Amino acid sequence: MNPLAVIGRVFLNFLASVGDLTLFAGRAILHGVSGPYYPRMMLRQMVDIGYYSLPVVGLTAIFTGMVLALQSHTGFSRFEAQSAVATIVVLSMTRELGPVLAGLMVAGRVGASMAAELGTMRVTEQIDALTTLSTDPYKYLVWPRVLAGLLMLPLLVLVADVIGVFGGYIVGIYKLGFGPHEYINRTFEFLETQDVVSGLVKAAVFGFLVALMGCYHGYNSAGGAQGVGAATTKAVVSASILILTANYMVTEVFFSR
Amino acid sequence: MSTTEPMIRIRDLHKSFGPKHVLDGIDLDVGRAESVVVIGGSGTGKSVLLKCILGIMQPDAGTIEIDGQEVTRLSRRAREEVMQKFGMLFQGAALFDSLPVWENVAFGLLQVRKLPRAEARARAVEVLGQVGLPPEVADLAPAELSGGMQKRVGLARAIATQPEILFFDEPTTGLDPIMADVINELIARSVRQLGATAVSITHDLASARKIADRVAMLYQGKIVWQGPVATLADSGNPYVDQFIHGRAEGPIKLDVRAA
């Protein structure tokens, strides 16, 4: 086969998927904001995304904070710059690692379960059943998930930031020999509001993306159990890639000048 | 059929998936309070026909009128209005497994009619009684029920809002003969009690004989025969004869790929 034709076909398929996804997102938002709303569904998703993700996000954050302190100390002590450890931990956590790692963990936990749940509902005709009961699946299933992702991930990241800094503090005090007072002062010395805000904006974007990809792939799954499995994989992979891509873009918007 | 206009009027309905014409010019009328059963082998487009009427699929060409209103090009909101006239029993029951049985039955009452929960629950228990299920079932999860029980709950959900039009997709598939007969009886009785118009698709002839006033046979995307259920046995139509006698030889060619 002509290799150029293959490249062309792959590219066209990619564009078609992007268009399809954009339509899906637009429909989810348009249908969602116009109501009726389903507060019970909304609450359930918020608890599932926010509350039940706390352990995994918390563990990720504390070990990330700890390893950051350790690694930056080994590196910076060569230049007699150990005092930068606290600043590095807090800036890395709030700007980058908090939102990105929380986003990736939530993509694995929540995005996958959304894709599997909606995919199963699709193949067992539960989504069609919603339509026959005069209920718009975009309003009842997609919008509560997308909105819950958008709202809950920033809260999770706020918690992750605090826990991550605490992890760095533990290592700094008990292993690297910093004084508690000194470490905390250093932590806040160079921290600006914008560092935290940019991280929370990232988190909102990531939460939206994770829920959107979970819903999109689940909603459009076909072909029984195998199709649901494929939808789950696609949801996690595409959400992870989009998180990393969007991370660069948001950083560019906030910090490039 | 009387002189009044039919509840459902389908004209020249077409639907293709790629090169395959699944529906190839369907004309079908369903009168008020009439029960029409569409029979046909697997992959003849029965489900697609039903999904087109329900608006889950968009037909390529043709018109569908519900109660005199053309519905194939309706806006989303207008479509949701029309859907309130419908009740549907799915092949696999399609119960929402995140909700207990009673919330499944009362779904339309809670989410669309906005009834208070206590009232909706009482109504759900009442409807469950109509399909022969005790009140204890109300708090179970759908996954805890057997296939026949799930079908009953699905039927209860379909009739809970007292719709004018009921659809049944393979209501007896996957059930033992006794449970199948129970479901057929329940369907026939519910349709009669509601005075509803009913459209069913099935390949189960016992079921068709029990619930149909009129039978239409679908083959290769066309209605090849329709008539009162009493004339099914001596239709004189070679397709129908082959189908009801279950013969491998005849004009019907089996299609391997699913529609």
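In this predicted model, strand 4 of chain B and strand 5 of chain B run antiparallel and are joined by two bridges. Within this pairing, Glu65(B) stands opposite Glu70(B), which belongs to strand 5 of chain B. Both strands belong to an open sheet of four strands in chain B, whose order is 2-1-4-5 and whose pairing is antiparallel. Strand 2 (20-30) and strand 5 (69-70) of chain B are at the edges of this sheet and have a single partner strand each, so one side of each is left without a neighbour in the sheet. Helix 1 of chain B lies across strand 1 (8-17), strand 2 and strand 4 of chain B, and it runs at about 60° to strand 2 of chain B.

Chain B also holds an open sheet of six strands, in the order 6-7-8-3-9-10, with mixed pairing. Its edges are formed by strand 6 (86-89) and strand 10 (222-228) of chain B, each of which pairs on one side only. From one strand to the next, the twist of this sheet averages 15°. As a general point, the strands of a sheet pair through backbone hydrogen bonds, in either a parallel or an antiparallel way. Strand 9 (residues 214-219) of chain B pairs with strand 10 of chain B in the antiparallel sense over six bridges, and here Ala216(B) stands opposite Gln226(B) in strand 10 of chain B.

Two helices can be described against this six-stranded sheet. Helix 1 (residues 46-54) of chain B lies across strand 3 (35-39), strand 6, strand 7 (165-169), strand 8 (197-202) and strand 9 of chain B, and runs at about 150° to strand 7 of chain B. Helix 6 (residues 147-159) of chain B packs on the sheet and touches strand 6 and strand 7 of chain B, while its direction makes about 175° with that of strand 6 of chain B.

Some loop residues of chain B deserve a separate look. Ala33(B), in the loop between strand 2 and strand 3 of chain B, has a positive phi although it is not a glycine. Gln220(B), in the loop between strand 9 and strand 10 of chain B, likewise has a positive phi without being a glycine. The table sets out the two phi values.

| Residue | Phi |
|---|---|
| Ala33(B) | about 60° |
| Gln220(B) | about 50° |

Ala33(B) counts as partly exposed because it has 16 C-beta neighbours inside 10 Å, and Gln220(B) counts as partly exposed because it has 18 C-beta neighbours inside 10 Å. Gln58(B) is found in the loop between helix 1 and strand 4 (61-66) of chain B, and from C-alpha to C-alpha it is 14 Å from Arg11(B), although the two are 47 residues apart in sequence.

Chain A has nine helices and zero strands. The C-alpha trace of chain A spans about 65 × 55 × 35 Å along its principal axes. Chain A has 257 residues, of which buried residues make up 47%. Among its contacts between residues at least 6 apart in sequence, 88% join residues at least 24 apart.

The largest nonpolar core has 147 residues, and those that touch the most other members are Ala102(A), Val146(A), Leu209(A) and Val105(B). Helix 4 (residues 85-123) of chain A gives the most to this core, with 20 residues. Leaving aside residues up to four places away in sequence, Leu209(A) touches Ala239(A), Leu242(A), Ile243(A) and Ala246(A). In soluble globular proteins, nonpolar side chains generally tend to be buried together.

Where the chains meet, the contact takes ten residues from chain A and 15 residues from chain B. The side of chain A that touches chain B consists, by class, of two nonpolar, six polar and two charged residues.

As for confidence, the model scores ipTM 0.87 and pTM 0.89. The mean pLDDT of chain B is 88, with 97% of its residues at 70 or more. Within chain B, confidence is lowest in helix 2 (residues 76-83) of chain B, with a mean of 85, and highest in helix 3 (residues 101-105) of chain B, at 94.

Note on methods
Residues are numbered from 1 along each chain as its sequence is written. Chains are lettered from A and ligands numbered from 1 in the order in which they are written. This is a predicted model: local features need pLDDT of at least 70, side-chain atom pairs count only at pLDDT 80 or more; totals for chains, interfaces and linings use all residues. A nonpolar core is a set of buried Ala, Val, Leu, Ile, Met, Phe, Trp, Tyr and Cys residues joined through C-beta atoms within 7 Å. A residue is buried if 20 or more other C-beta atoms lie within 10 Å of its own, exposed if 12 or fewer, and partly exposed in between; C-beta atoms are placed from the backbone. Two residues are in contact if their C-beta atoms, placed from the backbone, lie within 7 Å. pLDDT is the predictor's confidence in each residue, from 0 to 100. Two strands pair if DSSP finds at least two bridges between them. Axes are lines fitted to C-alpha atoms, for helices over the stretch in contact, and angles run from 0 to 180 degrees between N-to-C directions. Ala, Val, Leu, Ile, Met, Phe, Trp, Tyr, Cys and Pro count as nonpolar, Asp, Glu, Lys and Arg as charged, and the others, Gly among them, as polar.
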